[in-house]
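Thanks for coming, everyone. Let me put the model up on the screen, and then I'll walk you through a few parts of it.

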There are 6 protein chains.
Amino acid sequence: MRIDGRASNQMRPVKITRNYIKHAEGSCLIEVGDTKVICTATLEDRVPPFMRNGGKGWVTAEYSMIPRATETRNPREAARGKVSGRTMEIQRLIGRALRSVVHLEGMGERTIWIDCDVIQADGGTRTASITGSFVAMVEAMNKLVQSGTWKQLPLRDFLAATSVGIIEEEALLDLNYKEDSSAKVDMNVVMTGQGKFVELQGTGEESPFSGEQLQTLLALAQKGVNELIAIQKEVLADIPLDFGRAANETVNADA
Amino acid sequence: MRIDGRASNQMRPVKITRNYIKHAEGSCLIEVGDTKVICTATLEDRVPPFMRNGGKGWVTAEYSMIPRATETRNPREAARGKVSGRTMEIQRLIGRALRSVVHLEGMGERTIWIDCDVIQADGGTRTASITGSFVAMVEAMNKLVQSGTWKQLPLRDFLAATSVGIIEEEALLDLNYKEDSSAKVDMNVVMTGQGKFVELQGTGEESPFSGEQLQTLLALAQKGVNELIAIQKEVLADIPLDFGRAANETVNADA
Amino acid sequence: MRIDGRASNQMRPVKITRNYIKHAEGSCLIEVGDTKVICTATLEDRVPPFMRNGGKGWVTAEYSMIPRATETRNPREAARGKVSGRTMEIQRLIGRALRSVVHLEGMGERTIWIDCDVIQADGGTRTASITGSFVAMVEAMNKLVQSGTWKQLPLRDFLAATSVGIIEEEALLDLNYKEDSSAKVDMNVVMTGQGKFVELQGTGEESPFSGEQLQTLLALAQKGVNELIAIQKEVLADIPLDFGRAANETVNADA
Amino acid sequence: MRIDGRASNQMRPVKITRNYIKHAEGSCLIEVGDTKVICTATLEDRVPPFMRNGGKGWVTAEYSMIPRATETRNPREAARGKVSGRTMEIQRLIGRALRSVVHLEGMGERTIWIDCDVIQADGGTRTASITGSFVAMVEAMNKLVQSGTWKQLPLRDFLAATSVGIIEEEALLDLNYKEDSSAKVDMNVVMTGQGKFVELQGTGEESPFSGEQLQTLLALAQKGVNELIAIQKEVLADIPLDFGRAANETVNADA
Amino acid sequence: MRIDGRASNQMRPVKITRNYIKHAEGSCLIEVGDTKVICTATLEDRVPPFMRNGGKGWVTAEYSMIPRATETRNPREAARGKVSGRTMEIQRLIGRALRSVVHLEGMGERTIWIDCDVIQADGGTRTASITGSFVAMVEAMNKLVQSGTWKQLPLRDFLAATSVGIIEEEALLDLNYKEDSSAKVDMNVVMTGQGKFVELQGTGEESPFSGEQLQTLLALAQKGVNELIAIQKEVLADIPLDFGRAANETVNADA
Amino acid sequence: MRIDGRASNQMRPVKITRNYIKHAEGSCLIEVGDTKVICTATLEDRVPPFMRNGGKGWVTAEYSMIPRATETRNPREAARGKVSGRTMEIQRLIGRALRSVVHLEGMGERTIWIDCDVIQADGGTRTASITGSFVAMVEAMNKLVQSGTWKQLPLRDFLAATSVGIIEEEALLDLNYKEDSSAKVDMNVVMTGQGKFVELQGTGEESPFSGEQLQTLLALAQKGVNELIAIQKEVLADIPLDFGRAANETVNADA
């Protein structure tokens, strides 16, 4: 049994509160155990310079933690004058993951800015950020459908992420901070509603892992992602999300 | 009548939720109308280099907004690589205000780090930050009393802050964002439980103000601060806060 | 009696030397006791990006000290790669103060850049900067009148600033550095020729102050500002400065 | 057939020139097709602050490209004043990968700095950097054995890396730049001499991939890494590298 | 005799390998003894903002060393977030020197970016960079002649540089690192094919030098530059470089 | 005749006002025509980290211009967050030049910080900075002699600098800004009281120069430096400056 009493293949309780920040076009608070992340989605009517006049849209993400999200205080990146390598890696990952299920060609020249602000951290902040950002992004996209700008959501599929790892030879789902610190192998898995892989980042810095171990971990991750997507479906029940066609074709969202 | 239906001398609803972030020694969420700030207090067993070996303690503050706390998205200061002048002014103000009611000499060589993270902004974020930080600071100080490190709180008095301003010749208490934008005179007032001024920052950039107007504004501010301190007393009821003696003498908190 | 022999309500000797830097459109050296600041005003035929196409002008200020303006050497902000919070606060204050007496609507899309460079510091550098900058700004504005670009100065009123404070229960006018360091209450006051307040920044970090004390300090400040404006009038005697109408109406300076 | 005539499971020609930079304790030029990277290893007799007094060693890496390593000129990161997110991700990856095969506990408080400078880029620069850095690191470690400071190399296993990807439904080994640009799935795989995974970073930003596809890619990567390790063994033939025992036990290298 | 056996007026062996980096329009590896510099030239079809619409071209240079080019590791300037004063001086020198022999008026609005990356340093890296950059620049210019964009090279003359210095009262040509460190006088000399001076930078920080000593040093430098230009002529033999007319008149290269 | 009526070998009027900034250990205002520089010297009782425990002293310099020292406003380097290449070159030059006449071994572990702040610029700011800094440095050194810390000045010789250049084939002494802008050859020369060269920086970016032209320029520079040193001797007449012995031997200044 794990330190918090869970079975090895059991997720922590997950809660997604939509419409959490009043100014944002889309927003939620996602809680995965004691990990809490505010995700907001902002619509902008233009794309970054490197994409101008390409006719496509863009989705980009930023990530931060408040200083006392963690057990000891982390100096602010703004005060240090630069964003850490860890933060850059995470925000690049979140952006890439979300773009994988978006029809950028169908967005017109618009940007969706995702902001993930961790207010309490207990492991899995990057995967919770991805799962929550998907909800905030859908909420923001739906604003454009409601206003008649878009006739449908330029989306291909659901998207969620979780972490898996190996501690003392046992494969575990959804590591909390204590577990994460003692795991010898650690893997973040981002998957779609169809069960395909979008990102796979496995690290065995302290102990390389075999092909067999990899299979076990991926199966656990699949189980976790399925549960997360079920929760996403529930909290997004008011927004029509039928990816039968959209998942395979290019969708032009412009009305 | 004001845009949100308040009387000119009426505060917005205020709510302080203590113990909001599990890792911090002290923390709260303060809500003043739609303005929401997470305040945390962190204890550190040393002081900054410029104070080493002086036998005194220090209180310092940092302030930030999540990008979508505001109506339009604000780029992160970490991404721009520097802290704006506005942020610096605010965090210097918060630190100075809190120090005014703390017996630094009685703290030993310890630092209290205050972090104010605005998750939703609707005017008055700096004054809400001061009012909330006081609560988080007391909660953190009390941890040291409970652990026996201190025998009493090294505190002189309560401390709270509000804003006042003049719109179309009328003096108003506790401006929300819309009001703040159209105010010709704007003043932030930080006061103690004894009704003394700690900080007074009045600006008539668009319209200089007379001595009389100043008196009206200060009276309004006094009313607002009294109400805020009443709320602080309520939420801190479990912590003994009797400033009879401490407000006038130097208190050595070390047990 | 004070350390330099002054009465409590007595200013230090003040001297303003106009036309001090040959390249600038406006410039002066202001000396307030041993505090010496070079103020220059630069005219630019455009406004910052956030004001483009608004038809209004802008006044902005920057402030710096040479490293050895102070008793011990201060590292250059350029060498440290960033401007300190103190500097930002001061330059924001100077800009805001000057704008309060300028008809921005009457300037056309022009910017006046104010630069305040402290070459010797002995307390009150920010208030001396404001008082001197007003003179440099008027000199520069007058260039545009002389060249026929403007038909009058887009100005509402005179503007000057001084500091007041409380030391050992006594209220003092125009603190020098030694006094400033030992003052428990410290206030900077910016006022117009009509005796109205433009900025009021009072801090009782080491000792909160009462409403009565505030009144005493404001009266002292009023006396000091009156004397400063008398000196401004004298050194600007060649430039017509009649604010009878301009102080209350919008003036369009464009010829 | 691929654009450069290779079979889908064929590596580009690989050449490793040892002892390439005379000042460095270890160095090589690794050429993988037209990708050329100078790898150096520097020994330092102390560890970074966060590891002091822990009795362990450290391996860290930095990565850069000369501006014209690529088809169009890339501005220098030094000139822009900050390291890009891509660079940070790569250097964190290289360091993590190398540490996975080093007995940090056996190094004493020493740091090995790895520098990877890409002088010509044609895809796969990060995997070439890992493969080349291993050689430079072994060369540097051997200096300490030769000087009698260490009695054996604190190493667990060989280490090499390659990339695999999917283009038009076909899985390919060792993508060059053109291929990399058009791949819908892209994976970097770092493996040990024993065939275990150290890092797995797969991205299907443009097209999620199935579990089956993953298996095919991993098999290709295994083939490539085997070939790279064979080359490493050849160029390092003069240095005794027998990991029979070291791969499974903690080795203390200090003589 | 010198530490490496050379006569006082003898250069180290010099080797220039053209076309060293495949992507660049011009490139070479220059080796002067153990000093090795990769020089690349990049053509860009526009000029920097300060030169727009002037009808002239521009040549600019950047310089860097890989961290282990030197005996001890130099931290990367990108990691430190700023370019050192030494680097700035060197890249300004290289750009200025190259521009002295280019008909900027004849280039059209084009920029040539020179990048000098030192991969191994043993004294004289800035002079080797100038000598090598000239070759890379000519190679890149020739691309525009071959493509018919230019009808001739907009060049006035050859250009090369070397260092001279005084050690123990003896004047020496082409100092290596050890010599450079112990030289009391140190001078970099950039000259044209016609034997004229383009740059002269002499420093006697540890021992001022007389007019006579200066003459001796300049004569030595002239000898070195003559030898370098002979080598440039040889490696550029395939490109027509006849400066009879061009050296004295303005040449318009545009076809 | 030159634009300001001078002969080709004539300096502009030079004036040095000692003891210009009251806080500094040494200071002066140097005026060379319309160029005005405040030079201060600060004594510090320690050396930079790279010189600790070497028993020697250090002299270092910083240089800046106020924004409106020039005809058009120059943005502050502090605001841009970095020091320009030009500034770095100049401050490195000033420091190197001053050190050439100081017995660093005789200073003990002390640093002299030189600050040159240009308040009005009309060409020759770097050479005026060197000439003025020498005076400020001597004044500061003399403080240590007067206080009994040193028994003599650790100085070898006088030091001054001027610029020379070629305009329309004529060699000119002490170029003002207009002349400097149109000069095809431009040279800064730093010399000692004994007529030796300390720094020689000649640039013929727009027109390479011959050996003969160099001789003419050096003779002009010698004349100018002689005049500057005569002025230094006059303004420093109260400080004993006899370099008979000190110029050739190492002097230990410690009492």
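This is a predicted model: local features need pLDDT of at least 70, side-chain atom pairs count only at pLDDT 80 or more; totals for chains, interfaces and linings use all residues.

Residues are numbered from 1 along each chain as its sequence is written, chains are lettered from A and ligands numbered from 1 in the order in which they are written, and side-chain values use heavy atoms, with hydrogens and water left out.

Let's look at chains A and B. How many residues of each chain are in contact? It's 35 residues of chain A with 35 residues of chain B, where contact means heavy atoms within 4.5 Å. About 2,900 Å² is buried between chain A and chain B, and carbon and sulfur atoms give 50% of that. By buried area I mean the accessible area, with a 1.4 Å probe, that two parts lose on being put together, summed over both. Which three residues of chain A supply more of its share than any other three? They are H23(A), R68(A) and R76(A), with 26% of the area that chain A buries against chain B.

Now, the charges. Side chains of opposite charge can pair when their charged atoms come close. I'm calling it a salt bridge when a side-chain nitrogen of Lys or Arg is within 4 Å of a carboxyl oxygen of Asp or Glu. Over all chains, the search finds 132 salt bridges, and 14 salt bridges are counted between chain A and chain B. One of those joins D34(A) to K22(B), at 2.7 Å from N to O. Another pairs E25(A) with R68(B), also with an N to O distance of 2.7 Å. That pair crosses between chains: E25(A) sits in the loop between β1 (14-18) and β2 (26-32) of chain A, and R68(B) in the loop between β4 (58-65) and α1 (77-80) of chain B. Those labels are DSSP runs numbered from the N terminus: helices are H or I with at least four residues, strands are E with at least two.

Over to chains E and D. Here the contact takes 35 residues from chain E and 35 residues from chain D. About 2,900 Å² is buried, with 51% from carbon and sulfur atoms, and the salt bridge count is 14. In one of them, E25(E) meets R68(D), with the closest N and O atoms 2.8 Å apart.

What about chains that don't touch? Chain C and chain D are one such pair, with nearest C-alpha atoms 11 Å apart. Chain A and chain F don't touch either, and their nearest C-alpha atoms are 11 Å apart.

Last topic, helices. In chain D, the axes of α3 (residues 125-146) and α5 (residues 211-235) come within 11 Å and cross at roughly 25 degrees. Axes are lines fitted to C-alpha atoms, for helices over the stretch in contact, and angles run from 0 to 180 degrees between N-to-C directions. So α3(D) and α5(D) are roughly parallel; angles under 35 degrees count as that, over 145 as roughly antiparallel, 65 to 115 as roughly perpendicular and the rest as oblique.

In chain C, α2 (residues 85-99) and α3 (residues 125-146) have axes that come within 10 Å and cross at roughly 40 degrees. That makes α2(C) oblique to α3(C).
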